[in-house]
Amino acid sequence: VTAVPIENRSAALETVTRRAESELSFLVSDGDTVGIAWGTTMSMLAMHLNPLARSHTLVVQLNGAGSLVDVAGAHAEDLLGRFSEAWSATPVVFPVPAFFDHATTRDALWRERSIDKVRVLQRSCDVAVFSIGSSAAEVPSRVYAAGYLGADDSDELASAGIVGDIATNFFRGDGSFEGVELNSRASGIMLEDLRSVPKRFCVVSGVGKAEALAGALRGGFVTHLVADAPLLTVVEELTRDGDDS
């Protein structure tokens, strides 16, 4: 865990992602498959990437990004391109929606060999790089702010006690995710599969994400964490209170 001191709150996200870039460079080796989730924090991280010469490295998109407001998922493809260019890596796009209208549609598409090939790469990643989405974030998480969720979806998540998401799969404050209907329509790497990735590098900023980060840690989704110090202080308090209850 790296706690990043914050002197200027308005620049917290930039400060954290700059520090994360320097630490991430030590985790990626020649021949690695690196899974990349998309989002506001990840976009900032991509802006700070320095050239990192790696050979035979793949960068694979961890969750689909298409939606009614961005049919092509251009945001995610641009992000993937930035990582690939910086690391001299081969990009592997995942051309599916962020969320399907019906779980049966997703199940049918998952049987297609071209899509299954990408999903195999996702599950066999050496490193997964992601942030944590939260509806309570000071800097709005893209999945909540960019039209990916309808009113019914938001109501469902609130009723289910959801505190955050990783790669558009949602979890509760205790780290559980079973029985969340929206996850059956999500295209991101499933959280049980994420836990099998050896290195799970998480970058988070903002005390508004405290409950989400605490839930992610309880769920065992993170092995390497870079976050701002004020956020970690709140997470420690939440964790301590939870243990005492």
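Predicted model: local features only at pLDDT ≥ 70, side-chain atom pairs only at ≥ 80, totals over all residues.

Trainee: Which helices and strands each supply at least two residues of the lining of the largest cavity?

Mentor: The largest cavity holds about 160 Å³ of space. Of its 18 lining residues, Trp 38, Gly 39, Ile 132, Gly 133 and Asp 165 are the closest to the centre. The elements that each give at least two lining residues are α2 (40-47), α6 (142-145) and β6 (162-166).

Trainee: How many residues of each class are in the lining of the largest cavity?

Mentor: Gly counts as polar by the rule used here. The lining of the largest cavity divides into seven nonpolar, eight polar and three charged residues.

Trainee: Which helix gives the most to the lining of the second largest cavity?

Mentor: The second largest cavity has a volume of about 40 Å³. Among its lining residues are Trp 110, Arg 119, Gln 122, Arg 123 and Asp 193. By class, that lining has three nonpolar, three polar and three charged residues. With three residues, the top contributor is helix α5 (residues 113-123).

Trainee: Now the salt bridges. How far apart in helix α1 are Glu 14 and Arg 18?

Mentor: The side chains of Glu 14 and Arg 18 form a salt bridge, at 3.1 Å from N to O. Both residues lie in helix α1 (residues 12-24). Their spacing is four residues, about one turn of the helix.

Trainee: Is Glu 23 buried, partly exposed or exposed?

Mentor: Glu 23 meets Arg 19 in a salt bridge, 3.2 Å from N to O. The two are four residues apart in helix α1, so about one helical turn separates them. Buried means under 20% relative accessible area, and exposed means over 50%. Glu 23 has 23%, so its class is partly exposed.

Trainee: Arg 106 forms a salt bridge with Asp 107. Is Arg 106 buried or exposed?

Mentor: The closest N and O atoms of this pair are 4.0 Å apart. Asp 107 has 36% relative accessibility and counts as partly exposed. Arg 106 has a relative accessible area of 10%, and the limit is under 20%. Therefore Arg 106 is buried.

Trainee: Which residues are linked in a network of salt bridges?

Mentor: The whole structure has seven salt bridges. The residues linked in a network are Asp 153, Glu 181 and Arg 185.

Methods:
Residues numbered from 1 in each chain as written. Heavy atoms only, no water. 1 Å grid on protein atoms, 1.4 Å probe; cavity = no way out; pocket = protein on both sides within 12 Å on 5 of 7 lines; lining within 4 Å. Points joined across faces, edges and corners; volume = space filled by probe spheres on them. Buried < 20%, exposed > 50% of the residue type's maximum accessible area, 1.4 Å probe, protein only.
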